[in-house]
Amino acid sequence: MIGIDTNTGLAYEGTPSKYGRGLWPTPVITQAKLIEREEDWIDLSNAKRIEEIRLVFREDSFDPVTRVRRGRLYGRPEQGVWTDTWHNAPHPADPNLYGTQAGRVVQNLDTFHPLWNFGARVRSNPRMLLVLGDKDNPTIWRIHSVERISSGEDLVTLRARSSFGALPEILEDQIPELARIAVLQEVDHVADGAFRSGPVALIDLCRNAAVVVIGHWLVANGHGEKRTEQDLGLLIKALPEDRRMLRDAADVINLLHPRGKSNEREKLGLRKPTDEDAEIALNCLGMILREIGWAR
């Protein structure tokens with residue numbers, strides 16, 4: 001278990017009996033949120049102080065090249081007191097604190113307990129994600145593996161969901177003036193949703209953006225009026241036959257969309273969309289924007 005002194009920010013590691021030692025250097029400890037179902041995206045925490053946080057990730061290592069992170073998860077009970085009295089050896093960063101009981105310092109610390117048997121929880125839900133940071137500045141991580149270490153804790157290996165949000169650079173001056181605001185708003189929604197949404201919601205955002213982008217492009221190129229309220233399937237049929245790449249990219253997004261609806265999945269025998277499917281939809285939207293010259 002770990003304890004954090006809210007006055008100094010120093011961290012301690014200890015046993016269930018609350019006898020601890022100081023951690024130095026202080027590890028990176030980040031608030032965390034497990035995404036086990038689509039609804040979990042709604043209540044991401046916006047806590048700014050450690051006293052308000054229920055789940056944290058203690059980082060043991062991070063490779064910035066491969067974007068692989070390893071560490072341990074610690075949580076708090078649903079009910080009860082979140083602070084405990086610890087008996088600690090003097091912290092290396094604050095050696096002037098002398099013990100009052102058998103050479104130990106008595107301190108009240110914000111306390112977090114290990115998530116025991118986390119590996120079994122992941123095996124039962126292999127698509128579980130971990131969000132690190134607060135609601136305003138989140139990063140999303142896939143749980144790659146879970147290993148039991150000598151302390152009995154579960155060491156978690158994470159890989160960044162880094163390709164999400166990789167939309168191309170928008171060329172605003174190439175977008176017709178009448179379409180610019182609507183197109184930029186939809187692209188912004190997709191870029192934001194890439195970090196905050198599950199696969200079903202992200203595919204929906206990509207489809208909505210594709211409707212707006214293709215609809216405005218058709219109008220700007222003399223293929224009818226008021227196209228942005230039409231279904232994506234109808235817009236694809238209205239695209240010129242020689243724009244094969246544009247048609248195919250839009251068609252992939254259109255085919256992925258029904259997979260997010262349970263009734264359509266059951267009727268057509270489709271599987272539920274995954275993160276990888278949402279990534280394809282995102283890349284197809286980028287392809288559409290590049291093909292019509294509104295991005296690079």
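Tutor: Please bear in mind that this is a predicted model.

Student: Is Asn 137 buried or exposed?

Tutor: The class follows from the relative accessible area, and exposed means over 50%. Asn 137 has a relative accessible area of 56%, so this residue is exposed.

Student: How should I read the pairing of strands, and which strands does β7 join?

Tutor: One looks at the direction of the two strands and at the bridges between them. Strand β7 (residues 83–88) runs parallel to strand β3 (residues 19–22), with 2 bridges joining them; here Gly 20 has Asn 88 as its bridge partner. With strand β8 (residues 105–114), β7 runs antiparallel, and 6 bridges join the two. In that pairing, Asp 84 stands opposite Leu 109 of β8.

Student: How many salt bridges does the structure hold, and what is the general idea behind them?

Tutor: Side chains of opposite charge can pair when their charged atoms come close. The structure holds 25 salt bridges. In one of them, Glu 13 pairs with Arg 58, with the closest N and O atoms 2.9 Å apart. This pair links distant parts of the chain, as Glu 13 lies in strand β2 (residues 11–14) and Arg 58 in strand β5 (residues 55–63), 45 residues apart.

Student: Why do Glu 13 and Arg 58 count as buried?

Tutor: Buried means under 20% relative accessible area. Glu 13 counts as buried because its relative accessibility is 17%, and Arg 58 because its value is 6%. Both residues belong to a network of salt bridges that also links Arg 21, Asp 60, Arg 72 and Glu 153.

Student: Which elements do the buried residues of α5 pack against?

Tutor: They pack against α3, α4 and α7. Among these buried residues are Leu 246, Ala 250 and Ile 253. Ile 253 is also one of the residues with the most contacts inside the largest nonpolar core, which has 37 residues. The largest share of this core, 11 residues, comes from α3.

Conventions:
Residues numbered from 1 in each chain as written. Predicted model: local features only at pLDDT ≥ 70, side-chain atom pairs only at ≥ 80, totals over all residues. Heavy atoms only, no water. Core = buried A, V, L, I, M, F, W, Y, C linked by side-chain atoms within 4.5 Å. Buried < 20%, exposed > 50% of the residue type's maximum accessible area, 1.4 Å probe, protein only. Helix = DSSP H or I, 4+ residues; strand = E, 2+ residues; numbered from the N terminus. Contact = heavy atoms within 4.5 Å. Pairing = 2+ DSSP bridges. Salt bridge = Lys/Arg side-chain N within 4 Å of Asp/Glu carboxyl O.
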